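Dear colleague,

I am handing over the structure below for your reference. A summary of the findings follows it.

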Number of protein chains: 2
Amino acid sequence: MVIIGERINSSRKKIAAAIERQDAEFIKNEVISQKEAGAQYIDVNCGTFLDKETAMMQWLIETVQSVVNAPLCIDSPSADTIKAAVKLCKNKPVIINSITAEEERADAILPTVKEYDTFVVALTMDETGIPRSAEERTKMAERILKFAEKHKVDRKKIYFDPLVQPIGSDQAQGKILLQTIAMIKSLGNTKISCGLSNVSFGLPDRSLLNATFLAMCVAAGLDAVMIDPLNEKLMSTLSAALALTGEDQYCMNYIQRFRKIHEKTAQ
Amino acid sequence: MVIIGERINSSRKKIAAAIERQDAEFIKNEVISQKEAGAQYIDVNCGTFLDKETAMMQWLIETVQSVVNAPLCIDSPSADTIKAAVKLCKNKPVIINSITAEEERADAILPTVKEYDTFVVALTMDETGIPRSAEERTKMAERILKFAEKHKVDRKKIYFDPLVQPIGSDQAQGKILLQTIAMIKSLGNTKISCGLSNVSFGLPDRSLLNATFLAMCVAAGLDAVMIDPLNEKLMSTLSAALALTGEDQYCMNYIQRFRKIHEKTAQ
């Protein structure tokens, strides 16, 4: 399981403020704490800065790389920002986040994926929005696979994101998402990445719903997860889920995590 | 989801002692607390009493029925005890627990299932033990379906129990169990019931593993669960899982449960 730490995102007010005042210490602490909590990739997103995005992204990448060796997940709506950012990344392989089933966007970004041999997150949506059904989302994935073929990008370099939707507004979305994971996996040699927190939007005890849904997604075949690694409930459930699906050999990480928490509590 | 409260089982020392001294108050409290915590069925098992089992089962049934109207899950290794017990059950439908893929045992118990129109738990094992793979366990289920046909018992009356095994001794068992659920469900018009706690045997923080596995099993299609309803972590996860899979319409039970816990904490 690839764990992508999601905290450095300018849609979060504290992060936006830290980027605004170029507070490197604040960002560094966010990086270190995510890495220590188990993040393998650090997502960096400053999309809310619009015309200053590329400059802010450069500062973010330099700041993150000054404290850890973790590879980055370059998260931007702008193809230009992505292209400029990838060149600055020291640790390979980078994840580019994201393309969609829109051909123009794929054509703008896939050459960079190919040139720098990165991974890429591909959202199963297009200019008309997010389709409701698993079948339609899988069709989006198939369209994206064709774009990849055109640009000679290996399908194993793509993390399809089936786009978790709130069950509070459409209760079928939980099952639809799990079906979509299974259908895209059945295309063969495909990987899945998800964010989770959207599922619980508008409902109480969101951590409980997010953690429970994470367990279900892991069993369905999730390969990567965009997550707040400082959320202990989510990380505990992830650890248990990996032990249960045999991805954590001899449950060693699960047992070590338990010991660490136990020691921390005993202090 | 059918929730079967598992606490009244003489393999638990306190329950065995209460049955031994015919402590009706103790048993009644166990029944009431399980019912209040959300159990729909009350499992009764006094199998450790061997030659006194039928008499003890009669006392248990009378004691349970004196305080709640919940239907019972008659849990016994003995066909004679089951037959005697079912006659005493006031609340329908009863669940008989259990038959296996052993023809002799099925022949002894299925006529009672038919006569009293009960449900029956069917363990996917035979005299040679529990098969390791999902395919072999599904073959056991198919054999059991033939027994049911012979005795004209509707297949919808059977809860197949695919027999959760510890991941601590064979780590593939988590995935195998989930596969077995999916394979038995794909036979058509089939129901699945599980106990969970075996999965975490020998590992730390068993509640976390059990709850995480419960979420996975619900997503795989679980219809009934044998559970300690006083375990809040398990019941919270179950509540979230039912909201996520659309079984709890408008997430009403989930929201109500949250409010109740919140009120209790605020007091």
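How many helices and strands does the secondary structure of chain A come to? It comes to 10 helices and eight strands, where helices (H or I, at least four residues) and strands (E, at least two) are DSSP runs, numbered from the N terminus.

Please note that this is a predicted model, in which local features need pLDDT of at least 70 and side-chain atom pairs count only at pLDDT 80 or more, while totals for chains, interfaces and linings use all residues. Residues are numbered from 1 along each chain as its sequence is written, chains are lettered from A and ligands numbered from 1 in the order in which they are written, and side-chain values use heavy atoms, with hydrogens and water left out.

Chain A as a whole

The C-alpha atoms of chain A fill a box of roughly 55 × 45 × 35 Å along the principal axes. A compact globule of 267 residues would have a radius of gyration near 18 Å, and chain A agrees because its value is 18 Å; the radius is taken over C-alpha atoms, and the globule rule is 2.2 Å times the number of residues to the power 0.38. Of the 267 residues in chain A, 57% are buried, meaning under 20% relative accessible area (1.4 Å probe, protein chains only). Among contacts in chain A with a separation of 6 or more, 67% link residues 24 or more positions apart; contact means heavy atoms within 4.5 Å.

The barrel of chain A

In chain A, eight strands form a closed barrel in the order S1-S2-S3-S4-S5-S6-S7-S8, with parallel pairing; two strands pair if DSSP finds at least two bridges between them. Neighbouring strands of this sheet are turned by 25° against each other on average, direction ignored. Angles run from 0 to 180 degrees between N-to-C directions, with axes fitted to C-alpha atoms, for helices over the stretch in contact.

Strands S3 (residues 72-75) and S4 (residues 95-99) of chain A are parallel and share three bridges, and Ile74(A) stands opposite Ile96(A) in S4(A). Helix H3 (residues 53-65) of chain A lies across S2 (41-44) and S3, at about 170° to S3(A). Helix H4 (residues 79-86) of chain A lies across S3 and S4, at about 170° to S4(A).

The barrel of chain B

Chain B also has eight strands closing into a barrel, in the order S1-S2-S3-S4-S5-S6-S7-S8 and with parallel pairing. Its twist averages 25° from one strand to the next. Four bridges join the parallel strands S5 (residues 119-123) and S6 (residues 158-161) of chain B, and Ala122(B) stands opposite Phe160(B) in S6(B).

Yours sincerely

Key. Buried means under 20% relative accessible area, exposed over 50%, partly exposed in between (1.4 Å probe, protein chains only).
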